[in-house]
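Thanks for coming. Please have the viewer open.

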Amino acid sequence: MSVLEPDCGNFEGPDELTLNLQDIAAIPKFPSELVDNGPVYREKKDESCEVKIKHYEGPRNSKNEPCDNGFAKFTNGDNYEGSFRKGLFSGQGVLRQRTGHRYVGAFRKGLREGRGIQTYPDCSTYNGDWLRGVRHGYGVYMYSNKDVYEGNWCMDKKHGIGVYTFAENGLRLRGSWSEGHLAGPVEVLFGSIRYHGTWDGTVLSDAHDSVFNIASKYLLRGIIKSGSFDEYVWTPVGIERYNFAHLPLEPLPAPIPMMECHQCDSSDDSTTDA
């Protein structure tokens, strides 16, 4: 990353009246959904009985196990149509569960693995990578309220760089998640303006190094504080020509934790695999 030359001392940019600061002096506070990963459907897992095949249509191997393409109904009311290997889901298939969950995509050894789309009972969806039955890799989660998170996942939780888009106002928040929690440097994007600040885990922090990046032409510095009426009040301090090197720290990727899938305790549970 190259460091750009410092601004010239005689730079004369637009004044406050030209910028119309009243239009960007207040940023709405973000809803509480962002703190707990949003209104994700939480399934109550049914462990009262062992899931067995009730009815199967399709080829079988020498051990009388389902293989190749077939259709199966299970004792718990679930059904699966797709590829089998040694009696387990393997390859492409569709799993419909009595709880209202529906998964279309890749399986391996009976678990979701590869690319797939999961639809939840509240009509929220996840479209992305899976590993051993949990969301892991890169994916897009659309909530029932139409908010969208697009970014990295690890062991069923948001983890790494991602962008959260609020359907209500179109604001986009780019930051770094760690095991489902957002904290640290963030960017709030609206139109051609980007706000650079810090998220403390609950709200935007009262910052003394807040910067508005206006169409990559000007940097407008100021102080942001929590105000009334669910808004952040921002007081401008100075303006300078845009310089990438003068921007605050960007969101950084989170390290991948060393954990096994069976230790995962997701705040937005996926379904129990048959």
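A strand here is a DSSP run of E with at least two residues, and strands are numbered from the N terminus. By that definition valine 188 lies in strand S14, which covers residues 184–190. One word of caution: this is a predicted model.

Stay with valine 188 for a moment. Is valine 188 buried or exposed? Buried means under 20% relative accessible area. Valine 188 has a relative accessibility of 0%, so valine 188 counts as buried. The C-alpha atom of valine 188 is separated by 5.7 Å from that of arginine 172, and those two residues are 16 apart along the chain.

Now the whole chain. The protein chain has 18 strands and one helix. There are 274 residues, and buried ones make up 40% of them.

Where does glycine 116 find its bridge partner in S8? The partner is glycine 128. S7 and S8 make a hairpin with five residues between them, and in that turn cysteine 123 has a positive phi of about 75 degrees.

S8 also pairs with S9, residues 134–142, again in the antiparallel sense and over six bridges. Here asparagine 127 has valine 140 in S9 as its bridge partner. The hairpin of S8 and S9 has two residues between the strands, and arginine 132 takes a positive phi near 50 degrees there. For background, side chains in a regular strand alternate between the two faces of the sheet.

On to the rings. How many aromatic pairs does the count give? The count comes to 20 aromatic pairs. One of them joins tyrosine 126 and tryptophan 153: the geometry is edge-to-face, with 5.2 Å centre to centre and 80 degrees between the planes. This pair links distant parts of the chain, since tyrosine 126 is in S8 and tryptophan 153 is in S10, residues 148–154, with 27 residues separating them. Tyrosine 126 and tryptophan 153 are both buried. Another pair is tyrosine 141 with tyrosine 143, which is tilted, at 4.8 Å centre to centre and 50 degrees between the planes. Both of these tyrosines are buried.

Tyrosine 126 has a further neighbour to show you. The charged end of arginine 135 sits over the tyrosine 126 ring, 5.8 Å from the ring centre. A second case is arginine 112, which lies over the face of tyrosine 103 at 5.0 Å from the ring centre.

Last, the cysteines. A disulfide is a covalent bond between the sulfur atoms of two cysteines. With a cut-off of 2.5 Å between cysteine sulfur atoms, the count comes to zero disulfides. Are cysteine 123 and cysteine 154 buried or exposed? Cysteine 123, the turn residue with the positive phi, has 60% relative accessibility and therefore counts as exposed. Cysteine 154 has 4% and therefore counts as buried.

That is what I had; questions are welcome.

Note on methods:
Residues are numbered from 1 along each chain as its sequence is written. This is a predicted model: local features need pLDDT of at least 70, side-chain atom pairs count only at pLDDT 80 or more; totals for chains, interfaces and linings use all residues. Side-chain values use heavy atoms; hydrogens and water are left out. Two strands pair if DSSP finds at least two bridges between them. Helices (H or I, at least four residues) and strands (E, at least two) are DSSP runs, numbered from the N terminus. Buried means under 20% relative accessible area, exposed over 50%, partly exposed in between (1.4 Å probe, protein chains only). Rings of Phe, Tyr and Trp (its six-membered ring) pair if their centres lie within 6.5 Å; planes under 30 degrees apart count as stacked, over 60 as edge-to-face and the rest as tilted. A charge sits over a ring if NZ of Lys or CZ of Arg is within 6 Å of the ring centre and within 35 degrees of the ring normal.
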